[in-house]
Amino acid sequence: MSEAGVQHAPLVILAREAAAGDSAAMSKLLRTIAPKLVAVVKAILGAAHADVDDAVQQTLIGFVQGLPQFRGDCDPTGYGRVIAVRTAVAIGKRARSRDAKNDPGAEADAMPSTASPREDAFATRRKEALRQLLEELPTEQAEAFAMRIVLGCSLEEIARESGAPLNTVRSRLRLAKERLRSRIESDPALRETLGGQGQ
């Protein structure tokens, strides 16, 4: 067994026990992985997003409900990470649609920082533009792109955690990049936001 397999084996066993109805195992499993799933949701939506708490709650519910289908071929944290990405992307799309109807000029809240106000404003615009672009992608492409770019997962990790063949992951990422490139090239303001530098 690989070193990674040895490290993850206790969590896989815990996940199987939790799926079989062991409430102590479920509690321990959630205490272990919940902070990592919260971090994923915040990375996708932004820590100040109004729906972060709802996204976290839906992620944890989805994880608990999905445990009986967990096959144990990856770390349960990776399994939960896919659920967190999927949930955050879906909630982001719904929130953007809702906000557009209620306040077309609404912008996402900025996270506190030690940068200058101008740098903060530029970083906030850039993050918001990237989140908006992510939300425009088809779900599978958005998930693969978020896992690769936002979370830094390898192609193999994305394939294993999402249950998709490696070539499918490559295809989703290629299509996502092509779609994003086309969208950015067709929008001068977006091109300036994503290509410019905060000065």
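Mentor: Let us begin with a term: buried means under 20% relative accessible area, exposed means over 50%, and partly exposed lies in between, with a 1.4 Å probe and protein chains only. This is a predicted model, in which local features need pLDDT of at least 70 and side-chain atom pairs count only at pLDDT 80 or more, while totals for chains, interfaces and linings use all residues. Residues are numbered from 1 along each chain as its sequence is written, and side-chain values use heavy atoms, with hydrogens and water left out.

Trainee: Is Thr-77 buried or exposed?

Mentor: Thr-77 has a relative accessible area of 10%, so it is buried. Thr-77 belongs to helix H4, residues 76-102; helices (H or I, at least four residues) and strands (E, at least two) are DSSP runs, numbered from the N terminus.

Trainee: Which residues does Thr-77 touch, not counting residues up to four places away in sequence?

Mentor: Contact means heavy atoms within 4.5 Å. On that basis, Thr-77 touches Leu-11, Ile-33, Lys-36 and Leu-37.

Trainee: Where is Val-52 found, and what is Val-52 in contact with?

Mentor: Val-52 is found in helix H3, residues 52-66. Its relative accessibility is 5%, and therefore Val-52 counts as buried. Leaving aside neighbours within four places in sequence, Val-52 is in contact with Val-41, Lys-42, Leu-45, Gly-46 and Ala-47. From C-alpha to C-alpha, Val-52 and Val-41 are 6.8 Å apart in space, and they are eleven residues apart in sequence.

Trainee: How are two packed helices described?

Mentor: Two packed helices are described by the angle between their axes and the distance between the axes. Axes are lines fitted to C-alpha atoms, for helices over the stretch in contact, and angles run from 0 to 180 degrees between N-to-C directions. Here, helix H8 (residues 166-185) and helix H9 (residues 188-195) pack at an angle of about 110 degrees, with their axes 6 Å apart. H8 is therefore roughly perpendicular to H9; angles under 35 degrees count as roughly parallel, over 145 as roughly antiparallel, 65 to 115 as roughly perpendicular and the rest as oblique.

Trainee: Which residues make the contact of H8 with H9?

Mentor: H8 contributes Arg-183, Ile-184 and Glu-185, and H9 contributes Leu-190, Arg-191 and Leu-194. By class, this contact has three nonpolar, no polar and three charged residues. Ala, Val, Leu, Ile, Met, Phe, Trp, Tyr, Cys and Pro count as nonpolar, Asp, Glu, Lys and Arg as charged, and the others, Gly among them, as polar.
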